[in-house]
Amino acid sequence: MAEDSDLEKTEPASEKRLEQAREEGDVPRSRELSTCTILLAAGGALWAMGGTLVQQLNKNLITGLTLEREAAFDFNLLIGKIGVNLLDVLLAFSPVVLVLLLVALGSPLLIGGWLFSAKALQPNFGRMNPISGLGNMISARAGVELLKAIVKTLLVGSVAWVVIMGQKEAIFGLPLENLHAGIAHVGHMMAVCFMSIVAALVAIAAIDAPYQMWHYANKLKMTHQEVVQESKESNGNPQIKAKIRQQQREMARRRMMTEIPTADVIVTNPTHFAVALKYTEGGGGAPKVVAKGADEVAAKIRELGAEHNVPLLEAPPLARALYKHTELGDEIPEALYAAVAEVLAYVFQLRSYRERGGIRPEEPRELEVPAELDPNNQVGVAV
């Protein structure tokens, strides 16, 4: 059962899978949406520029049917006149053609976006396999496309029939109208019929576009094993990476432990945290953190510090603040300068006492640590 579940495509496609599909020229497309958009643009352009277009065509028709005597006997003049008329017709239609061209180029942005894939242009002889072609013809997608074509034909045919039958009386009355009124009436009826059919196509596109998006996402779904394998290929094996991180932590801990004997002081919590500080006189910088740790690591830091006679100072708020807001090798925060300076002054006095004798210095108490740097004041839990 576990193997069967691994073979089921239940996971959504990853970004890498989507990018690979796009590189191969596989993106969601809705032909119904593109067709509907272009037809809407054509209807709108003709509606907006139809009057000017009709006037220009009427002018060209009159000019074309007017034949001068010279052109009747001169073939070159006749050809030139025909060429000028054809050019005028092309110029008359050019605004409409330009609108359709822009819409055709922009319609892919509605779903899938623009795409140019060199892989899609490469020959694929597998597509010439008759068995695969037969399988595609009887596939579920082919059935959906057939059903969609039947529904589209029935819907468009029904709308056209209803519109035409609704204007049957007006059509039969056209011979009784004068020429100009009849032409205008025919144009109006054609526009109504055209826009009604396009409205039916809008309904089809509104269903087809979401379906194509769903089908594309479903087609690219991945099995759980594919997701795991892709993650390993992209990010590396998690087990190996965890092992590497563990080794890196061990190496960092060993390096940190070698720095403890050179520290000036170890500030403790006293048991939960331990932070070793070192100050280099004349170095031009603030004291640095050379080691820090919690629980077992803190105990090891205290043990090594005791072995090498590094002073240990119990200052819970300062230890918590240093552990929370510094990393290995960092200088202490500026807000802790005063507290750490007091600690170092005690350490230097203790060092002098050990070397020369005299009065043993007292450990500093009540060190000033800003409340915002103490984690206990932020979470309200004593450590």
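**Note on the predicted model: cores, strands, helices and loops**

1. Start with L336. Leaving out residues up to four places away in sequence, L336 touches L318, A321, L322, V369, P370 and L373. Here, contact means heavy atoms within 4.5 Å. This is a predicted model, where local features need pLDDT of at least 70, side-chain atom pairs count only at pLDDT 80 or more, and totals for chains, interfaces and linings use all residues. Residues are numbered from 1 along each chain as its sequence is written, and side-chain values use heavy atoms, with hydrogens and water left out.

2. L336 belongs to the largest nonpolar core, which has 24 residues. A nonpolar core is a set of buried Ala, Val, Leu, Ile, Met, Phe, Trp, Tyr and Cys residues joined through side-chain atoms within 4.5 Å. Buried means under 20% relative accessible area, exposed means over 50%, and partly exposed lies in between (1.4 Å probe, protein chains only). L277, L318, L322 and L336 have the most contacts inside this core.

3. Which elements give two or more residues to this core? They are strand 3 (265-268), strand 4 (273-278), helix 14 (316-325) and helix 15 (337-356). Helices (H or I, at least four residues) and strands (E, at least two) are DSSP runs, numbered from the N terminus. Helix 15 supplies the largest share, 7 residues. Another core lies apart, with 14 residues, among them M256, I260, I266 and A291.

4. Now the strands. Strand 4 and strand 5 run antiparallel and are joined by 6 bridges. Two strands pair if DSSP finds at least two bridges between them. L277 has V289 of strand 5 as its bridge partner. Strand 5 (residues 288-294) has 6 of its 7 residues buried, so it is largely enclosed by the rest of the structure.

5. Look next at the loop between helix 13 (296-307) and strand 6 (312-314), where V310 is found. Is V310 buried or exposed? V310 is buried, at 5% relative accessible area. V310 touches I260, P261, A263, D264, V265, I266 and G305, again not counting residues up to four places away in sequence. V310 and V347 are 37 residues apart in sequence, yet their C-alpha atoms are 9.4 Å apart in space.

6. Check two phi angles. Most residues other than glycine have a negative phi. N309 is not a glycine, but has a positive phi of about 60 degrees. N309 also sits in the loop between helix 13 and strand 6. N309 is exposed, with a relative accessible area of 59%. E366, not a glycine either, has a positive phi of about 55 degrees. E366 is in the loop between helix 15 and helix 16 (375-379). E366 is exposed, at 75%.

7. Helix 3 (residues 31-65) packs with helix 5 (residues 75-106) at about 170 degrees, with axes 9 Å apart. That angle makes helix 3 roughly antiparallel to helix 5. Axes are lines fitted to C-alpha atoms, for helices over the stretch in contact, and angles run from 0 to 180 degrees between N-to-C directions. Angles under 35 degrees count as roughly parallel, over 145 as roughly antiparallel, 65 to 115 as roughly perpendicular and the rest as oblique.

8. Finally, D208. D208 is in helix 10 (residues 179-219). D208 counts as buried, because its relative accessibility is 3%. D208 touches S30, R31, E32 and K148, with residues up to four places away in sequence not counted.
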